[in-house]
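Have a look at the structure, then read on.

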Amino acid sequence: MALFQPSRDQVRQFFFNAWAKFQQQQALTDLETIAVDIIQAHPEYHHVLEAPEQYLEQSYFPEMGETNPFLHMSLHLSVLEQVSIDQPPGIHAAYQALARKYGNVIEAQHALMDCLAEAIWQAQRSSTGLDAQAYAACIEAKARG
């Protein structure tokens, strides 16, 4: 079974297009609407999304303190998709608890994104699949903490 695995440029173009459509008051798909909500919560990325010719090929280097806005927004989308289907089990309840704790859904997403990013990093570092148990444990810990 092949999963949809967009390229880096396809992901970036998705965000560029969603933001452009929103600014031109064009109809958005459901996924574009979610993306625009994320973009609106991150005004620090607006200049990037308004200059696709400059940022489509831009490299970001975490070791130099650079945040990749496309990765950041993609992690938001991933977490929201997981919350919507409660996979891993319990993430929906954890998200609700974190949203209450922080009084802000974006901060709740950021807390869950920390867990997802760590799980992905560990999987890449060890050349294994994502450790679902460790990921779920991190989510539980965030919700309790």
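## What lines the pocket

Helices H1 (8-23), H2 (30-40), H5 (69-85) and H7 (105-126) each put at least two residues into the lining of the largest pocket. Helices here are DSSP runs of H or I, at least four residues, numbered from the N terminus. H5 gives the most, with 11 residues.

The largest pocket has a volume of about 1,400 Å³. On a 1 Å grid over the protein atoms alone, a pocket is an open set of points where a 1.4 Å probe fits, with protein on both sides within 12 Å along at least five of seven lines; lining residues have an atom within 4 Å of a point. The volume is the space filled by probe spheres set on those points, which are joined across faces, edges and corners. Of the 39 lining residues, Leu71, Ser74, Leu75, Ser78 and Ile120 are the closest to the centre.

## H5 against H6

The axes of H5 and H6 (residues 91-102), lines fitted to C-alpha atoms over the stretch in contact, come within 7 Å and cross at roughly 115°. That makes the two roughly perpendicular (65 to 115 degrees). Leu80, Gln82 and Val83 of H5 meet Ile91, His92 and Tyr95 of H6, with contact meaning heavy atoms within 4.5 Å.

## The disulfide

The whole structure has 1 disulfide (cysteine sulfur atoms within 2.5 Å). Cys115 and Cys138 form it, sulfurs 2.2 Å apart, and the link is left-handed at -75° about the S-S bond. Cys115 sits in H7 and Cys138 in H8 (residues 132-144), 23 residues apart.

## Ground rules

Residues are numbered from 1 along each chain as its sequence is written, and side-chain values use heavy atoms, without hydrogens or water. In this predicted model, local features need pLDDT of at least 70 and side-chain atom pairs 80 or more, while totals for chains, interfaces and linings use all residues.

Terms used. Axes fitted to C-alpha atoms, helices over the stretch in contact; angles between N-to-C directions. Parallel < 35°, antiparallel > 145°, perpendicular 65-115°, else oblique.
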